Amino acid sequence: MGIAVSPQIHPQVAEFLEKPRQMLINGKWVNSISGKTFPTYNPATGEILAQVAEGDREDIEQAVKAARRAFDQGPWRRLTASERGRLIWKLADLLESHTEEFAYLESLDNGKPLTIARGADVPLAVDLFRYMAGWTTKIEGNTIPISVPYTPGAKYLAYTLREPVGVAGQIIPWNFPLLMAAWKLGPALASGCTVVLKPAEQTPLSALRLGELIMEAGFPEGVVNIVPGYGETAGAALAAHPKVDKIAFTGSTEVGKLIVHAATGNLKKVSLELGGKSPNVVFKDADLDSAIPGAASAIFFNQGQCCCAGSRLYVEKPIFDRVVEGVADHAKKINVGSGLDPETHMGPLVSQEQLSRVCGYLEAGFSEGATALAGGHKKGNKGYFVEPTVLVNTREDMKVVQEEIFGPVVVAMPFDDPEEILPRANDSDYGLAAAVWTRDIGKAHRMAEHLHAGTVWINCYNILDAALPFGGYKQSGWGREMGHEALNLYTQTKAICTRLS
């Protein structure tokens with residue numbers, strides 16, 4: 001049950017969607033043990049794109065066994081670091097050669113504009129794999145001079161090894177399906193781990209297509225297993241599995257806490273990249289020609305479905321009206337439509353559930369006294385579209401200010417005294433990202449030092465790179481994705497001591 005072939009659809013994508021999509025376990029494409037499937041939808045139309053095998057506890061069991069065998073007994077551990085790096089680089093080359101196909105898959109399954117998927121999501125995923133391919137030969141231990149006071153005169157050789165942690169369970173979200181798969185797989189494979197990957201049930205298609213490229217690249221059987229399914233079944237089973245050594249999750253803070261609880265059975269290592277309610281601070285001395293479009297992009301990029309979205313906009317009072325009116329003007333000019341339309345700037349939200357969530361927050365905001373300078377409503381009668389929205393007359397105690405909306409909704413608030421803005425910006429359960437706009441570079445760096453956030457942008461927003469670590473403070477998570485710090489999530493240190501004399 002797939003979509004009709006259309007001139008709008010990339011022919012390889014149309015062919016991919018025509019067949020029920022299976023799961024990848026131990027190097028083979030298989031149906032779920034239960035035989036169940038679930039539909040994935042086109043959020044621009046609400047119509048079914050494809051049927052996908054529905055993984056459950058039994059399927060996770062088989063995938064973990066395959067990953068465990070590949071790690072403990074298979075050829076993966078016997079490959080040299082260079083050989084492992086070449087496989088990851090080959091995967092990057094294959095992905096790059098299928099850029100157009102993956103861009104269409106992302107746009108259809110997630111709703112994001114094709115131009116964005118083509119220009120950002122796929123190239124960033126390719127770059128991540130190449131970056132991590134280079135790290136395989138650079139994971140090193142140390143020699144350590146030691147002094148042991150209770151063995152006078154003895155000499156020792158002491159050194160450390162950094163070893164892969166083992167089998168990694170990875171659960172990824174629906175907002176950047178391909179890129180989040182790359183963020184998870186890249187460092188795990190570079191470190192020498194094996195993987196069971198569970199893509200989001202809303203957007204499983206690009207991960208499954210990536211699985212085909214993984215096998216084409218020549219990865220040994222069982223090194224990467226991909227099991228689509230629901231969080232409460234497949235995801236929960238993966239998080240709790242006693243033979244999984246590490247669980248990595250990107251998603252909501254609420255679900256992240258459930259992951260932590262599930263992981264306590266065998267005290268597996270846990271890394272979490274969770275929610276955000278990021279402050280975006282504009283001082284009166286900022287270059288407003290950059291700050292205004294920057295503030296608009298900070299919240300409206302990817303339909304606002306970004307954990308690091310600049311959803312709390314603080315503007316110094318003398319320029320407040322100019323900035324919020326400028327952001328509202330940008331919002332009104334955004335062309336909202338199907339991601340496949342080249343004229344589209346912003347696509348639909350990912351699902352009916354997400355549309356209802358965002359609209360619920362808008363209703364709550366209006367009931368508490370907020371007003372909309374732009375947007376504020378669902379758009380159209382087909383698909384999951386919502387207008388890009390700028391809310392003013394908001395207060396710190398409002399639900400729309402305190403809680404993550406995960407949609408194209410910014411709450412704008414003025415401030416009088418630059419000394420007051422730091423505690424207001426930090427007054428959040430989250431600490432994923434923040435931004436500061438000012439011509440005073442000293443003030444910018446003082447703010448950056450004291451903001452409780454894992455990433456602070458100065459006079460820019462949403463600048464991400466494979467070499468730059470990304471992660472949160474407080475309830476925005478544990479650990480860092482990307483950069484060499486990501487390798488810490490998938491390695492452990494062993495100390496070895498030998499008596500020489």
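This is a predicted model: local features need pLDDT of at least 70, side-chain atom pairs count only at pLDDT 80 or more; totals for chains, interfaces and linings use all residues.
Axes here are lines fitted to C-alpha atoms, for helices over the stretch in contact, and angles run from 0 to 180 degrees between N-to-C directions. Residues are numbered from 1 along each chain as its sequence is written, and side-chain values use heavy atoms, with hydrogens and water left out. Helices (H or I, at least four residues) and strands (E, at least two) are DSSP runs, numbered from the N terminus.

**Helix H6 and its partner H7**

- Helix H6 (residues 177–191) packs against helix H7 (residues 205–217) at an angle of about 50°, and their axes are 9 Å apart.
- The two helices H6 and H7 are therefore oblique to each other; angles under 35 degrees count as roughly parallel, over 145 as roughly antiparallel, 65 to 115 as roughly perpendicular and the rest as oblique.
- H6 passes H7 in a right-handed crossing (left-handed if the near helix is turned anticlockwise from the far one by less than a right angle, right-handed if clockwise).
- On the H6 side, Pro-177, Leu-178, Ala-181 and Leu-185 meet Ser-206, Leu-210 and Ile-214 of H7, where contact means heavy atoms within 4.5 Å.
- Sorted by class, the contact of H6 with H7 has six nonpolar, one polar and no charged residues; Ala, Val, Leu, Ile, Met, Phe, Trp, Tyr, Cys and Pro count as nonpolar, Asp, Glu, Lys and Arg as charged, and the others, Gly among them, as polar.
- H6 is mostly covered, with 15 of its 15 residues buried (buried means under 20% relative accessible area, exposed over 50%, partly exposed in between, with a 1.4 Å probe and protein chains only).
- At 1.5 Å a residue, the 15 residues of H6 should span 21 Å, and the 22 Å between its end C-alpha atoms agrees; the expected span is 1.5 Å times one less than the number of residues.
- Gly-192, with a positive phi near 100°, follows H6.

**Helix H3 and what covers it**

- Helix H3 (residues 81–97) has 17 residues and reaches 25 Å from its first C-alpha to its last, close to the 24 Å expected at 1.5 Å a residue.
- Its buried residues are Arg-84, Gly-85, Leu-87, Ile-88, Leu-91, Ala-92, Leu-94 and Leu-95.
- The cover over the buried residues of H3 includes helix H4 (99–110), helix H5 (114–135), H6 and H7.
- An α-helix has 3.6 residues a turn, so residues three or four places apart point the same way.

**Two further helix pairs**

- Helix H1 (residues 11–18) and H4 have axes that come within 8 Å and cross at roughly 55°.
- H1 and H4 are therefore oblique to each other, and H1 passes H4 in a right-handed crossing.
- Gln-12, Val-13, Phe-16 and Leu-17 of H1 make this contact with Glu-101, Tyr-104, Leu-105 and Leu-108 of H4.
- The contact of H1 with H4 has, by class, six nonpolar, one polar and one charged residues.
- For helix H2 (residues 57–72) and helix H8 (residues 231–240), the axes come within 8 Å and cross at roughly 40°.
- H2 and H8 are therefore oblique to each other, with H2 passing H8 in a right-handed crossing.
- Here Arg-57, Ile-60 and Val-64 of H2 contact Ala-234, Ala-237 and Leu-238 of H8.
- The residues of the contact of H2 with H8 divide into five nonpolar, no polar and one charged.

**Single residues worth a look**

- Asp-416 sits in the loop between strand S15 (409–415) and helix H14 (418–426), and this residue is exposed, with a relative accessible area of 52%.
- Not counting residues up to four places away in sequence, Asp-416 touches Glu-316 and Lys-317.
- The C-alpha atoms of Asp-416 and Val-315 are separated by 8.8 Å, although the two are 101 residues apart along the chain.
- Leu-267, in the loop between helix H9 (253–262) and strand S10 (269–273), has a positive phi of about 50° although it is not a glycine.
- At 69% relative accessibility, Leu-267 counts as exposed.
- Asn-393 is not a glycine either, yet has a positive phi of about 55°; this residue belongs to the loop between strand S14 (389–392) and helix H13 (399–402).
- Leu-258 lies in helix H9 and counts as exposed at 58% relative accessibility.
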